[in-house]
Amino acid sequence: MTFSSSTEGVHTIAEILSEPQTWTRCLSELLDSGQLAKINEKLNKNVEWVFVGCGSSFYLAQIAASSWSILTGIPARAIPASEILLFPELFPAPCQPVFISRSGRTSEIVEAAQYAESDLGIQSLAITCGIGTPIEEICSNVIRLSPADEKSTVMTRSFTSMLLALQALAADRASSKSFLTSLRALPTQVAPRLDGMQATVRSLVDKRTYADYVFLGQGPFFGVAQESMLKVKEMSCSYAQAFHTLEFRHGPKAIVSPETLLTFFLSESGFADEISVLQEMKELGATTLVISNSINAAIRASADYSIELSLDVPQVARAAAAVITGQFLGFYTGMRKGFNPDRPRNLSRVVMLDGRNGGSRRAAT
Ligand code: F1P
């Protein structure tokens with residue numbers, strides 16, 4: 001594989017490779033400080049939790065909401081901040097909002113938090129990698145993960161670190177000591193697997209690029225598919241889409257051809273059903289990449305490429321590790337196409353909207 005220059009992408013690849021050690025730093029600070037229990041005492045217990053974000057942070061919100069319901073049994077959903085601003089009816093009180101923002105400055109998320117706290121009088125939670133940001137001023141409770149901040153525009157370690165922090169909050173809420181133990185063990189289990197992940201992705205990218213990158217996942221892995229789609233779009237300007245795995249049969253599979261790279265994030269809960277989609281799509285001629293905790297003969301028969309995570313943690317805790325594959329795929333596809341992932345086309349680190357008027361929102365009749 002030839003890269004246009006050795007200096008390109010240096011920040012992004014370094015930040016991806018630093019994820020396990022960053023997780024260790026963020027999780028130990030969080031778990032050893034007693035902060036999670038204090039936050040859980042203050043936040044509302046028995047209402048719907050609503051995770052809010054923009055861009056990658058919205059896809060993070062999707063994984064966090066799915067994790068929250070699975071771990072605590074409390075209803076949860078994810079919503080882009082813009083929906084709250086434009087359709088406030090979609091954000092009914094009472095609810096427990098969690099605002100997710102690496103920068104803490106994105107206009108839509110700041111306004112949505114302002115609306116929740118000032119207009120609706122809801123005590124919310126913000127999670128950010130920034131310091132001294134508007135979101136920290138506005139929200140009643142804040143989780144700060146400064147070690148996870150990045151130089152690069154695209155979110156990588158900030159994404160997975162904030163995800164693990166929210167999964168830890170859910171585990172604390174559910175008094176699940178075993179899940180917290182799994183999260184603490186995750187970095188040590190994932191670190192030695194990065195080389196293998198990277199090698200498989202590089203061998204795939206080395207051979208060719210594709211007209212269409214499709215990512216498939218269910219439950220918490222749907223958000224993983226969404227974020228992987230965005231990483232490939234942002235870093236390589238390729239056409240990429242994401243679907244719930246079984247949803248792909250209901251029409252979108254019309255696009256399948258050898259020009260299509262289908263990436264399957266297999267779950268434990270849907271393993272057998274998801275593999276049958278894999279087999280069907282292979283028969284239709286797709287090129288397939290499978291990320292699974294275990295790879296069996298059925299997968300090997302239909303996977304052109306596969307990455308076996310073999311992590312000794314519950315499936316929800318594997319989402320952060322699975323996202324890294326999508327980050328590598330976006331990075332190496334971008335480098336191969338002559339882009340610089342550190343400076344993605346058309347993008348800025350933070351989306352700040354000029355003159356976006358704040359003020360309270362009235363539901364349209
Ligand atoms: C995150 C975000 C990213 C996007 C780009 C611009 O905003 O929208 O999702 O990839 O980097 O910023 P935030 O998490 O800082 O609010």
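Helices (H or I, at least four residues) and strands (E, at least two) are taken here as DSSP runs, numbered from the N terminus. The structure described is a predicted model, in which local features need pLDDT of at least 70 and side-chain atom pairs count only at pLDDT 80 or more, while totals for chains, interfaces and linings use all residues. Residues are numbered from 1 along each chain as its sequence is written, and side-chain values use heavy atoms, with hydrogens and water left out.

Ser161 is buried, with a relative accessible area of 3%; buried stands for under 20% relative accessible area, exposed for over 50%, and partly exposed for values in between (1.4 Å probe, protein chains only). Residues up to four places away in sequence aside, Ser161 touches Thr22, Trp23, Cys26, Leu145 and Ala148, where contact means heavy atoms within 4.5 Å.

In soluble globular proteins, nonpolar side chains tend to be buried together. A nonpolar core is defined as a set of buried Ala, Val, Leu, Ile, Met, Phe, Trp, Tyr and Cys residues joined through side-chain atoms within 4.5 Å. The largest such core has 86 residues, and the members that touch the most others are Phe51, Ile100, Leu145, Phe215, Phe328 and Leu329. Helix H14 (residues 319–336) supplies the largest share of this core, with 11 residues. Because domain 1 (10–175) and domain 2 (189–336) both contribute residues, the core lies between them; the domain bounds come from an automatic or database domain assignment. Phe328 has contacts with Ile13, Ile16, Leu17, Leu194, Met197, Gln198 and Val201, once its neighbours within four places in sequence are left aside. A second, separate core comprises 21 residues, among them Ala81, Ala112, Ala113 and Val142.

The strands come next, with E8 (residues 260–265) as the point of reference. Six of the six residues of E8 are buried, so the strand is largely enclosed by the rest of the structure. Both of its faces are covered, with Thr260, Leu262 and Phe264 buried on one side and Leu261, Thr263 and Phe265 buried on the other. Strand pairing requires that DSSP find at least two bridges between the two strands. Strand E6 (residues 212–217) runs parallel to E8 and is joined to it by six bridges, with Phe265 of E8 as the bridge partner of Gly217. E8 is also joined to strand E9 (residues 287–292), again in parallel, by five bridges, and here Leu261 stands opposite Thr287 of E9. Between E8 and E9 the chain passes through helix H12 (residues 271–283), giving a right-handed β-α-β crossover. Right-handed describes a path that, with the strands pointing away from the viewer, runs clockwise from the first strand over the helix to the second.

Beyond E9, helix H13 (residues 297–302) and strand E10 complete another right-handed β-α-β unit. E9 and E10 run parallel and are joined by four bridges, and Leu289 has Tyr305 as its bridge partner in E10.

Turning to charged pairs, the whole structure contains 12 salt bridges, each defined by a side-chain nitrogen of Lys or Arg within 4 Å of a carboxyl oxygen of Asp or Glu. Asp32 and Arg184 form one of them, at 2.9 Å from N to O. Asp32 belongs to helix H2 (residues 19–33) and Arg184 to helix H9 (residues 177–190), so the pair ties together parts that are 152 residues apart in sequence. Asp32 counts as exposed at 57% relative accessibility, while Arg184 is partly exposed at 43%.

Asp149 and Arg349 form a further salt bridge, their closest N and O atoms being 3.1 Å apart. This pair links distant parts of the chain, 200 residues apart: Asp149 sits in the loop between strand E5 (141–144) and helix H8 (157–173), and Arg349 in the segment after H14. Asp149 is partly exposed, with a relative accessible area of 25%, as is Arg349, with 31%.

Helix H11 (residues 220–236) holds Glu234 and Lys231, which are three residues apart and separated by about one helical turn. Their side chains meet in a salt bridge of 3.2 Å, N to O. Glu234 counts as buried at 15% relative accessibility, and Lys231 is buried at 0%. Together with Glu227, Lys231 and Glu234 are linked in a network of salt bridges.
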